[in-house]
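Please keep the sequence and the model in view while reading.

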Amino acid sequence: MIQDIVWDSSIVLMAALAALFAWVAAGADIALANYGPVIASAYRLRGWLFSAAVLILVGFSYRSLIELPYVSLAPRPTGALVPALATGEQWAWAVSPNAFIVGQTAEFHVTSKDVNHGFALYDPGMRIVAQTQAMPGYTNILRYRFSQPGTYHVLCLEFCGLAHHEMKSDIAVAAQ
Ligand SMILES: [Cu+2]
């Protein structure tokens, strides 16, 4: 749907640009050319466009960056943290413990035995709820508070070899 809109508007804009080029080429008269004033006005326009682009980019950057889920903005976990070890290797996840209770906050210590993997936690509806990188020789801390009972899933988000798609592990979350 969105791809169709992007595609259609790209075609229209490219056609408009091509038409503009054709119009300029058709009207160009080398013999009568006096480029001084043209260049001056083009540079003035360029200055305005550059300022406008900077303003728009600063605005968009501010608007989008302010909503990043920075750790410092995340709600503080309530209650005790339950430490858990999550280790990736080609091609499996070892998560221990892998059973929690609704309301508990797991503190995953995520690492890898071989290559980089992407530790991704999915809720029972297969919606991704947390993720971090699993890197050899390094431990990333990922906290997540389980909010619903059911089977959560751990998948790998980083292509790590032939059986990357086999890197699945389950986490059982029981009701309180
Ligand atoms: Cu992997």
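**Gln-133 and its surroundings**

Apart from neighbours within four places in sequence, Gln-133 makes contact, meaning heavy atoms within 4.5 Å, with Val-110, Asn-116, His-117, Asn-140 and Glu-158. The model is a predicted one, in which local features need pLDDT of at least 70, side-chain atom pairs count only at pLDDT 80 or more, and totals for chains, interfaces and linings use all residues. Residues are numbered from 1 along each chain as its sequence is written, and side-chain values use heavy atoms, with hydrogens and water left out.

Gln-133 belongs to strand β6, residues 128-134. Helices (H or I, at least four residues) and strands (E, at least two) are DSSP runs numbered from the N terminus. Gln-133 counts as partly exposed because its relative accessibility is 24%; buried means under 20% relative accessible area, exposed over 50%, and partly exposed in between, with a 1.4 Å probe and protein chains only. His-109 is 24 residues from Gln-133 along the chain, and their C-alpha atoms are separated by 11 Å.

**The copper site**

One of the contacts of Gln-133 is His-117, and this histidine is also a donor to the copper ion. Donors are N, O and S atoms within 2.8 Å of the metal (3.2 Å for Na, K and Ca); water is not among the atoms, so sites may look incomplete. Four residues coordinate the copper ion at 2.1 to 2.7 Å: His-117 through ND1, Cys-156 through SG, Cys-160 through SG and Met-167 through SD. Their spacing in sequence is H-x38-C-x3-C-x6-M.

Why is the arrangement around the copper ion irregular? The 4 donor atoms subtend angles of 80 to 148 degrees, and therefore the arrangement is irregular. Four donors count as tetrahedral if all angles lie between 85 and 135 degrees; four count as square planar and six as octahedral if opposite donors are over 155 degrees apart and all others between 65 and 115; anything else is irregular.

| Residue | Relative accessible area | Class |
|---|---|---|
| His-117 | 0% | buried |
| Cys-156 | 10% | buried |
| Cys-160 | 7% | buried |
| Met-167 | 1% | buried |

A disulfide is a covalent bond between the sulfur atoms of two cysteines. Counted as pairs of cysteine sulfur atoms within 2.5 Å, the disulfides number 0.

**The protein as a whole**

The secondary structure comprises 2 helices and 9 strands, in the order α-α-β-β-β-β-β-β-β-β-β from the N terminus. The radius of gyration of the protein is 27 Å, whereas a compact globule of 176 residues would have one near 16 Å; this radius is taken over C-alpha atoms, and the globule rule is 2.2 Å times the number of residues to the power 0.38. Along the principal axes, the C-alpha atoms fill a box of roughly 80 × 40 × 35 Å. Of the 176 residues, 24% count as buried. Among contacts with a separation of 6 or more, 64% are between residues 24 or more positions apart. The protein exposes about 12,400 Å², of which carbon and sulfur atoms supply 67%; accessible areas come from the Shrake-Rupley method with a 1.4 Å probe, and for residues only the protein chains shown count as cover.

**Further residues along the chain**

Glu-67 is placed in the loop between α2 (35-65) and β1 and counts as exposed because its relative accessibility is 56%.

Thr-87 lies in strand β1, residues 81-89, and is buried at a relative accessible area of 15%. Beyond neighbours within four places in sequence, Thr-87 is in contact with Ala-92, Trp-93, Ala-94, Thr-111, Ser-112 and Lys-113.

Most residues other than glycine have a negative phi, and most peptide bonds are trans. The peptide bond joining Gln-90 and Trp-91 is cis, with omega about 0 degrees; Trp-91 is in the loop between β1 and β2 (92-96). Another cis bond runs from Ser-96 to Pro-97, with omega near 0 degrees, and Pro-97 is in the loop between β2 and β3 (99-101). Met-126, in the loop between β5 and β6, has a positive phi near 60 degrees and is partly exposed, at a relative accessible area of 42%.
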